[in-house]
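Please have the structure open while reading.

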Amino acid sequence: MRLTSPDREVYPGEGITKRHVAEYYEAVAEWLMPELAERPTSLLRCPDGIGGDCFFQKKHADSLGPGVHAVCLDERDGEDEYIYVRDIEGVLSLVQMNAIEFHPWGARRRSPEKPDRLVFDLDPADGVPWKEVLRAAREVRDRLSAAGLESWPRLSGGKGIHVCVPLEPRAGWGRAKDFAEAVARAMAGDSPDRYVASASKELRRGRIFIDWLRNGRGNTSVAGWVLRARPGAPVAMPLRWDELGRTRSGGHWDIHSARRRAARLRSDPWEGFFQVRQRLPR
Ligand code: ATP
Ligand code: MN
């Protein structure tokens, strides 16, 4: 893999270079790729490191390099080519193009109109204690479980937790989003002092926003094991439910500790996520 400017700092003042980013992704590939491969994927690219201007990119270009593929998807008017990768080679090509974050769709490129996962993104307002975020994640899990759906948690690498639900790709985006909205509104309705289900900033004060809007066609969420372009090089981390209580924030893992975790892991913390067969309830 050709890497230009390998010694350029990506995280200023933290001694983390482009080569370190590439080595990180190579080291965690076994755990990263199942969640990322074969999905339309948006990139966050930071050509001057995270201290410079970063930009989101969803459209494919040949200049992205080998192993970076195009999938043609319908748009409002016409269609366009979106990015996807199949393997770590594609990811490393994107790192060469200064991509740091990878945000896949909740659908695979071969059936882009049939979501195969939901994401409930828990976004705490400033000042909400972490244990409240943990409690919210478990409440989402329990409500999903009551609806017959198993879920798995992921620290966002930022402020919150994503509760993720694998689905058989049967229903369309409309039903997926309606279901996610209903869960979020039920929680906010029952505990209006703790949760909000609408995006309004005003209502969020002191509460946790249960963002169900991630579940519409074309929306994305960061994949597990992905480095965030934020100070400290935090990582979005998939967890087992019984690990969640030992975390202290959404940015609990960083590039160094995530790499150690990847090397130590015996089984995927999301064991079952890729095997379970479940559908949205009627
Ligand atoms: P946090 O815990 O801090 O909320 P997060 O991963 O949940 O982290 P963000 O990184 O703020 O949330 O991303 C918000 C949403 O917007 C995600 O769905 C992400 O895929 C998407 N996104 C992020 N940056 C952009 C951008 N520049 N353009 C379009 N979509 C973006
Ligand atoms: Mn979030």
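Which residues have the most contacts inside the largest nonpolar core? They are Y25, F102, F120, W225 and L227, and this core has 80 residues. A nonpolar core is here a set of buried Ala, Val, Leu, Ile, Met, Phe, Trp, Tyr and Cys residues joined through side-chain atoms within 4.5 Å. Buried stands for under 20% relative accessible area, exposed for over 50%, and partly exposed for what lies in between (1.4 Å probe, protein chains only). Another core, of 7 residues, lies apart from the largest one and includes V71, L73, Y82 and W173.

The model is predicted: local features need pLDDT of at least 70, side-chain atom pairs count only at pLDDT 80 or more, and totals for chains, interfaces and linings use all residues. Residues are numbered from 1 along each chain as its sequence is written, chains are lettered from A and ligands numbered from 1 in the order in which they are written, and side-chain values use heavy atoms, with hydrogens and water left out.

Beyond its neighbours within four places in sequence, F120 is in contact (heavy atoms within 4.5 Å) with residues including V140, L144, I161 and D211.

D121 is buried at 2% relative accessible area, and D123 counts as buried at 18%.

E243 sits in helix α7 (residues 241-244); helices (H or I, at least four residues) and strands (E, at least two) are DSSP runs, numbered from the N terminus. With a relative accessible area of 9%, E243 is buried. Its side chain makes a polar contact of 2.8 Å with that of R261. For such a contact, a pair of N or O atoms must be within 3.5 Å; within protein, one must be able to donate a hydrogen and the other to accept it, and residues adjacent in sequence count only if both atoms are side-chain atoms. A polar side-chain atom of E243 also lies 2.8 Å from the backbone nitrogen of R240.

Finally, an open sheet of 3 strands runs in the order β4-β3-β7 with antiparallel pairing; two strands pair if DSSP finds at least two bridges between them. β4 (55-57) and β7 (99-104) are the edges, each with a single partner strand, so one side of each has no neighbour in the sheet. Strand β3 (residues 41-45) is joined to β4 by 3 bridges, and L43 has Q57 as its bridge partner in β4.
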